[in-house]
Each structure stands twice: as C-alpha cells, then as structure tokens.
Amino acid sequence: MKLFPKKFPNDEDGQVLKMLYKQGVDFKESQDVDFFVAVPDKKSGESVLNALRDAGLNCELEKDDETEDWTCYCFIKMLLNYEDIIDIQKRIDELSKPYDGYTDGWEVMVD
C-alpha cells in the first residue's frame, strides 16, 4: 500500500514541515521544537523572557558572540502540526511585541 505524500501549505513554515517530512521525521511522535524570538538588546530580552516564562513557556536568553544579536529561545515538545506552529508563533509574537521582540523562526533537531 503506497502512502500519499502529506500536503503542506505553500509558505515558509509549510516548506520546513515538508522538508522534515521528506527527511523521515515521525509526525506521530512529539518533537522538540525550538522557537526563536529576536530582541534588540539584553534589557528587552530579559523582559521578553519574563513575559514568556510567565505564560508558562520554557525559555532562555542568549547573545550571539559573533553577531552581538540577542535571541530568546523557547523549547516546546509537541507534535509537528502546521496550525499549532502558527498559533504558537502568534502567541509568542504577541507576548514579545511590547518589548520590541518578534518571532524569528523555529527548528527541529534531526538525527
């Protein structure tokens, strides 16, 4: 029995999911998804970090030594579902906006 290829929306998030699917990632198993929040500086980053943690998210703030950019990382174990990924990014964006932060993508580590 041949399985039909999974359909994904034709946008950046859909393309990432399609790539993960083609790499053999199991969409029936929860995956560790890292969401990125770009922040302008350490002070804003700490405010974003606190807002995200207050919302129950597991996050940390890091500075890239090469670029000097600050990023807040949120770690969520979840099924890879397009709508859920979009919803989480919107939620993170809403929580980050008051501190000049914005969602800047996501990734799944693949073996």
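Reader: Let's start with Q31: buried or exposed?

Author: Q31 is buried, with a relative accessible area of 15%. Keep in mind that this is a predicted model.

Reader: And where does Q31 lie?

Author: Q31 is part of strand β1.

Reader: What does Q31 touch, leaving out residues up to four places away in sequence?

Author: Its contacts are V25, D26, I76, K77, M78, L80 and V108.

Reader: OK, stepping back. How many helices and strands are in the protein chain?

Author: The protein chain has three helices and four strands. Going from the N terminus, the order is α-β-α-β-β-α-β.

Reader: How much of it counts as buried?

Author: 38% of the 111 residues do. The accessible surface is about 7600 Å², and carbon and sulfur atoms hold 47% of that.

Reader: What box do the C-alpha atoms fill?

Author: Roughly 55 × 30 × 25 Å, along the principal axes.

Reader: Now the core. Which residues in the largest nonpolar core touch the most other members?

Author: That core has 28 residues, and the ones touching the most other members are L17, F35, L52, C72, L80, I92 and W106. At least two core residues come from each of α1 (12-22), β1, α2 (42-54), β2 (58-63), β3, α3 (82-96) and β4 (102-108). As background, nonpolar side chains in soluble globular proteins tend to be buried together.

Reader: Switching to aromatics: how many aromatic pairs does a search of the whole structure find?

Author: It finds four aromatic pairs. One of them is Y21 with F27, an edge-to-face pair at 5.6 Å centre to centre, with 80° between the planes. Y21 is partly exposed at 31% relative accessibility, whereas F27 is buried at 13%.

Reader: Why is the pair of F36 and Y73 edge-to-face?

Author: Their ring planes sit at 90°, and the centres are 5.5 Å apart, so the pair is edge-to-face. The cut-off for that label is an angle over 60 degrees.

Reader: Which parts does that pair tie together?

Author: F36 is in strand β1 (residues 31-39) and Y73 in strand β3 (residues 70-78), so the pair links parts that are 37 residues apart in sequence. F36 counts as buried at 17% relative accessibility, while Y73 is partly exposed at 22%.

Reader: Which residues form one aromatic cluster?

Author: F8, Y21 and F27 do.

Reader: Charges next. How many positive and negative side chains are there?

Author: There are 14 positive and 26 negative side chains, and the centres of the two sets are 7 Å apart.

Reader: Last one: where is N50 found?

Author: N50 is in helix α2. At 44% relative accessibility, N50 counts as partly exposed. N50 and S96 are 46 residues apart in sequence, with their C-alpha atoms 9.9 Å apart in space.

Notes:
Residues are numbered from 1 along each chain as its sequence is written. This is a predicted model: local features need pLDDT of at least 70, side-chain atom pairs count only at pLDDT 80 or more; totals for chains, interfaces and linings use all residues. Side-chain values use heavy atoms; hydrogens and water are left out. Rings of Phe, Tyr and Trp (its six-membered ring) pair if their centres lie within 6.5 Å; planes under 30 degrees apart count as stacked, over 60 as edge-to-face and the rest as tilted. Buried means under 20% relative accessible area, exposed over 50%, partly exposed in between (1.4 Å probe, protein chains only). Accessible areas come from the Shrake-Rupley method with a 1.4 Å probe; for residues, only the protein chains shown count as cover. Lys and Arg count as positive and Asp and Glu as negative; His and the chain ends are not counted. The place of a charge is taken as NZ of Lys, CZ of Arg, CG of Asp or CD of Glu. A nonpolar core is a set of buried Ala, Val, Leu, Ile, Met, Phe, Trp, Tyr and Cys residues joined through side-chain atoms within 4.5 Å. Contact means heavy atoms within 4.5 Å.
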